[in-house]
Amino acid sequence: MTEQDELLTLLNRRIDEVTKLVKEQNADAILIFNQANYRYLTNFTGEEAQLILTVQSDRILLSDSRFADQIKFEAPGELKVIMKKTNQDEEISNQLKALNLNKVLIEGEFVSAIELAHLQELNPQIEFATCEELVERVRNVKDDLELDALRHAIDVSMDSFNGILPLIKPGAVERNIGAKLDYLFKINGGDGPSFDTIIASGVRSAWAHGVASDKMIEDGDMVVIDFGAFYHGYAADITRTVAVGKVDHEMYRIYEIVHEAQRRGIAAAIAGNYGKDVDQAARDYINEQGYGQYFGHGIGHGIGLEIHELCQPALPFGKQKLVNNMVHTVEPGIYLPNKGGVRIEDDILVHDQTPETLSTLPKDELISL
């Protein structure tokens, strides 16, 4: 079987799973606007398209002439391609009318109220119903192609992190370290950063999302580095906390607490458990150690074609039952205002009763630079 045949087999499997969910809502088709979702179902990576997928597995991709050759190269299988020349809603409506559909689902998170109203006006014969994260429910469980891409993204990220460790020293500027890390993602074979790289030192290490700034690193700083590369569209997400010189004794203590909390959270990331079980395993330990009030965010989220999956209102991580081949983060942290913080984050593959930690950078002891 050629690579193209293998890809088409995977795409058809994904399409079958999505159309099952569409049928469960008594609909004839789904209209997809989310780039990650139409990429998942067609392999087209361009940033401007809409996809109509029917319960008969018809795929109609609407894009424009900028992407004509790219679509031919990337998207295998029976795919009808429409190069839009006029109003987008009218082009979509023409295809919907030709399909003689009664009920169409539409991604509520990615279409405006104005556009939905316009589509309804143009298609009075069709019942439109918004849906939340329908394709994402299938995307939660990764297939072999996705797992390979995720592993590669994680490897690129770890290699790049090791490349910037020598730069972390007194006098170094957070932004310069972040820029070097983003550069190494591409040099090491990735597609670039999967989110704005966080380099937060000193009191800024207590800022959970302290994106790299102009602050200079000082002796005695804790430095939280939250980073990840894209590879073939799939995102890694890792955090390590390091010390520059000798840091306050309490910071060593909270590092040990966060490390143990993460170990317990990962141990709970087994098939059949829920995300809340992972959270509770880590959070209970932090509470027991007297730092519960300083761990304010959730324990993790899914990763894949988007850096944050399994974290939206329709599919919160805490309410998600874990099944094999889900990949999610486990990232407890303690953040002491005006003093500093610690976070440790790894990417975890759910595998029966033995979670696999895909990101393997050292963490058992606080790294002092």
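Why does phenylalanine 227 count as buried? In this predicted model, phenylalanine 227 has a relative accessibility of 0%, so the residue falls under the 20% limit for burial.

The protein has 369 residues and a radius of gyration of 23 Å. A compact globule with 369 residues would have a radius near 21 Å, so the value agrees with that expectation. Along the principal axes, the C-alpha atoms fill a box of roughly 70 × 45 × 40 Å. The secondary structure consists of 10 helices and 20 strands. Of the 369 residues, 55% are buried. Among contacts with a separation of 6 or more, 66% are between residues 24 or more positions apart. The exposed surface comes to about 16100 Å², and carbon and sulfur atoms supply 48% of it.

Strand β1, residues 29-32, gives a local view of the burial. In a regular strand, side chains alternate between the two faces of the sheet. In β1 both faces are covered. Ala29 and Leu31 lie on one side, Ile30 and Ile32 on the other, and all of them are buried. Two of the pairings of β1 can be followed through individual residues. With strand β5, residues 103-107, β1 pairs in the parallel sense over three bridges, and alanine 29 stands opposite valine 104 in β5. With strand β2, residues 50-54, β1 pairs in the antiparallel sense over four bridges; here isoleucine 32 stands opposite leucine 51 in β2.

The loop between α2, residues 35-42, and β2 contains asparagine 43. Most residues other than glycine have a negative phi. Asparagine 43 has a positive phi, near 75 degrees, although the residue is not a glycine. Its relative accessible area is 24%, so asparagine 43 counts as partly exposed. Histidine 232 also has a positive phi, about 50 degrees, and is likewise not a glycine. The loop between β10 (229-231) and β11 (234-235) holds histidine 232, which is partly exposed at 47% relative accessibility.

The aromatic rings come next. A pair of such rings is described by the distance of the centres and the angle of the planes. There are four aromatic pairs in the structure. Tyrosine 38 and phenylalanine 44 form a stacked pair, with 6.0 Å from centre to centre and 20 degrees between the planes. Tyrosine 38 and phenylalanine 44 are both buried. Ring pairs also bring in Phe67, so that Tyr38, Phe44 and Phe67 make up a cluster.

The opening residue belongs to another of these pairs. Phenylalanine 161 and phenylalanine 227 are stacked, at 5.0 Å centre to centre and 10 degrees between the planes. This pair links distant parts of the chain: phenylalanine 161 is in helix α7 (residues 144-164), phenylalanine 227 is in strand β9 (residues 222-227), and they are 66 residues apart. Phenylalanine 161 has a relative accessibility of 2% and therefore counts as buried, as does phenylalanine 227 at 0%.

Lysine 276 lies over the face of tyrosine 274, at 5.9 Å from the ring centre. The charged end of arginine 283 sits over the ring of phenylalanine 295, 4.0 Å from the centre of that ring.

Note on methods. Residues are numbered from 1 along each chain as its sequence is written. This is a predicted model: local features need pLDDT of at least 70, side-chain atom pairs count only at pLDDT 80 or more; totals for chains, interfaces and linings use all residues. Side-chain values use heavy atoms; hydrogens and water are left out. Rings of Phe, Tyr and Trp (its six-membered ring) pair if their centres lie within 6.5 Å; planes under 30 degrees apart count as stacked, over 60 as edge-to-face and the rest as tilted. Buried means under 20% relative accessible area, exposed over 50%, partly exposed in between (1.4 Å probe, protein chains only). A charge sits over a ring if NZ of Lys or CZ of Arg is within 6 Å of the ring centre and within 35 degrees of the ring normal. Two strands pair if DSSP finds at least two bridges between them. The radius of gyration is taken over C-alpha atoms; the globule rule is 2.2 Å times the number of residues to the power 0.38. Contact means heavy atoms within 4.5 Å. Accessible areas come from the Shrake-Rupley method with a 1.4 Å probe; for residues, only the protein chains shown count as cover.
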